[in-house]
Amino acid sequence: MIYKHLYSISTFLFLSAMILFNQAQASEQDSVLIPGHWLLAGPVATHSPVYHDVPGISGSTWTVERILKADLARYGTWEPAEGETVSWSRDKDLRWSRVPADSAGSVTLPNGSESTHDVLWLSGYVETDRFVTGTLTLKSRGMMRVFLNGEEAAIKATTQPGDDEEAGSTSHSFELRRGKHQVIVKLVHPAGSGIGSWSLDASLEAGDHTGSLSWSLDPARTVLQRDISNAPRPAGVSISPDGELAAVHVSQNHPPDGSLETRIDIIRTSDGSLYRSYAGGMAITGMRWVPDGRRFSYTTSGNSGTDLWVVDLETGRKDRILKNMKDFAGYSWSPDASFVVYSLREEHRPGTHGVMRYHGLQDRRPGFHTRTFLYQLNVPEGTTRRLTAGLVTTMLGSIHPDGKEILYLRSHESYKAPPYGKMEYVILDLETMEIDSLFTLSFGSMARFSPDGDRILVMGGPNDFGGLGVNVPDTVLANDYDTQAYIYHRATGETEAITREFAPSVSDARWDETGRYIYIVATDAAYERIYRYDTRDRSFRKYEGGPDVVHSLDLARNRSVAIMNGSGASDTPKAWVIDFTRRSPEARVLHDPSAEAYGNIRFGEVRKWTFTNDRNEQIDGHVYYPPDFDSQRTWPVIVYYYGGTTPVSRAFAGRYPKELYASKGYLVYVVQPSGAIGYGQELSARHVNDWGKIAGDEIIQGTRAFLEAHSYADPERVGAIGASYGGFMTMYLLTQTDLFAAAVSHAGISNLASYWGEGFWGYQYSGVATAGSYPWNRQDIYVGRSPVFHADRIHTPLLLVTGMSDTNVPPGESLQMFTALKLLGRDVAFVAVEDQDHHILDYNKFIQWKDAILSWFDKWLKDEPHWWETRFGG
């Protein structure tokens, strides 16, 4: 449940509804839309089952009402269009045909049979230019079941023989967001009902507010939140050792509760054809290719624990090699497939009586007292042994190519220097069980053996390895979130910083099969690109094409072919393949699970736009345009900027779906101010000890420049939105300027000192963002840049949104600003999302969270308060 504390000073005049009609006819009331045409499919003659008149185990007999209530098809996947067909059975297809309604909105239906139960469907689309509430009313002497956007909205399970004056009706009170919405009516003419000829009357009556409704038979439309939430998507990708087959892990959420359905599609990389698919409602995770042959493995989980399965594609055999493993945490195959290294969690729950001493700063974190340890499974024999124990967690980094050693990481808490933790890299000899501690890093993460086992590829911060990766003057503090790649040579103990002169920030890196090349996925401005590093001449090659943002990459073990999961600005998630062995490698789409779901959806244009800051530097940005953009109109603007220190990527949708905002009639200007990674260490270092000044000034400067350069951008209707650090930035901006007419801060920081001490990760994030600075030695930052200490400067209507279980940025950060602005009498609203952490993940709460943000902007930037007031009150 979302608890609302909503306050507004301004009042609004409600105008009488004006309804526009397309392929529709107006009644005497202007607020009523009467469809002028429908699409018709059917009828389908359906027989009663045998023994239908014999009472069942419940004592009742079968009735035709069961045909009405049965889901004879997946209506949520239907996109009816004139002339298109629906496959119904082996020898029957249904074709959608256009049928007219008379001036009263009555459409005559095909005469029913007296010997079979006839089922047919009517469909159309209602479109609105803003949030509208109202009532859909349908009248017929037959049975009816109504679906709105694929979900049941109303039902009438009775029949009325006689004339149409005696027809029964059903109605549905609707709430429609801006956009086009599908209406499907399933009708049943029961055998022997005496109905004879029949018809359907339909009308949509809007509520008492300004709005515009239209009716059409064209499925083409703009994107809705339900499309983003419900479309199938590639959740993970993996490629076979020979590079000939790719496995795409497809996930899909289903309304009304977001239940998850998964499957594995095996695709031929040569032509994109489907080789095999594995589905059936299983909760499939952890898909991996076995290093030898055409076999893959995956895990399934249930109440008894986790099972690890191996499937042989050539024989069709499926074997379970681990069964009912409690607290399973992951696994990796040895290079020769003779064993698996897997992880199990061990939970410790101190303070079970409600009283607990915190020995360290991490004691308060959920799961901190859970430790993870490594085990070995010998696959042919089925025997296991434990490899690690002790006080701290051990995480597998890599298995040596000869299978005799593993590299693992141990995490240690340390208060000597930021980020107040160390990662130890250790080699374990699997034969002797002797260990060799190689090095310790502050910001270390991934580690991978080279194909010959003599080198280790490591990712870490610029200051790791004694500052070897730093590429800024000694007077400047590097941003340790600007991740670098290093090569550690085991024989000499020497380390190379291979990306120090490389502006993009490393997200992932892996060796090719020869050990000469390293393929890198890197944050490159708003993109996630693939680069190849040549260890011989120390050069980089950038691969153009493919998705704007590579979400994950898997490289074939025995051939330089890769599969990636990626998306882009207005480009939906897909699986791509690229063959690096070609002279001019080009990425191509291999599998698009959401092609059908997004087939009728129109997106607006996305354009790059930059401006020059006071340092005479080009500050990056891009703009999302509404699908119906017209340069002769003026449009409201939403300005969006990064959280943390990572630029806003061009990835499709996400938690802050720019494509959705644009579909609601907004220009969305994404600005990438100084401090973000992906633009080189000089720019990312400006994040350190800034907390708003440089980045905030550039956002204001960029917004003003954007408005001046685009006459269709309305300077009186500009909104600002950010989350986490971006939520802080929203509040900070409002203390500096009245440029914005409305603003949204999700999980924003209002008091840097309280966030530093109370946020579970606050002191560690601040160890980079405020390196060397503390509340006792830099009050100019901790007080001077904290928005709550300057709340009296805020006059812009502000929506504060937060998950009430947020351990990263505690809810108190938003509550402090809410308290201040309420006492100051300013326009402020607070929406608390119960039982959610820093990210809103619950299916239905996510939708309501998006509603809160968009309806707030509609209220203040469009003078359309009805959506906000319907959802959250005045």
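I started with the strand rule: two strands count as paired if DSSP finds at least two bridges between them. Helices (H or I, at least four residues) and strands (E, at least two) are DSSP runs, numbered from the N terminus.

This is a predicted model, so I kept its cut-offs in mind: local features need pLDDT of at least 70, side-chain atom pairs count only at pLDDT 80 or more, and totals for chains, interfaces and linings use all residues. Residues are numbered from 1 along each chain as its sequence is written, and side-chain values use heavy atoms, with hydrogens and water left out.

**Sheet.** I looked up Tyr486 and found it opposite Ala497 in β37. Strand β36 (residues 484-489) runs antiparallel to β37, and 3 bridges join them. Both belong to an open sheet of 4 strands, ordered β34-β35-β36-β37 with antiparallel pairing. β34 (447-449) and β37 (495-497) are the edges; each has a single partner strand, so one side of each lacks a neighbour in the sheet.

**Salt bridges.** I used the rule of a Lys or Arg side-chain nitrogen within 4 Å of a carboxyl oxygen of Asp or Glu. That gives 42 salt bridges. Arg178 and Asp628 make one at 3.5 Å, N to O. They sit 450 residues apart, Arg178 in the loop between β13 (168-176) and β14 (179-189), Asp628 in the loop between β50 (621-624) and β51 (635-640).

I checked burial next (buried is under 20% relative accessible area, exposed over 50%, partly exposed in between; 1.4 Å probe, protein chains only). Arg178 is buried at 17%, while Asp628 is partly exposed at 40%. I also noted a salt-bridge network linking Glu175, Arg177, Asp851 and Arg871.
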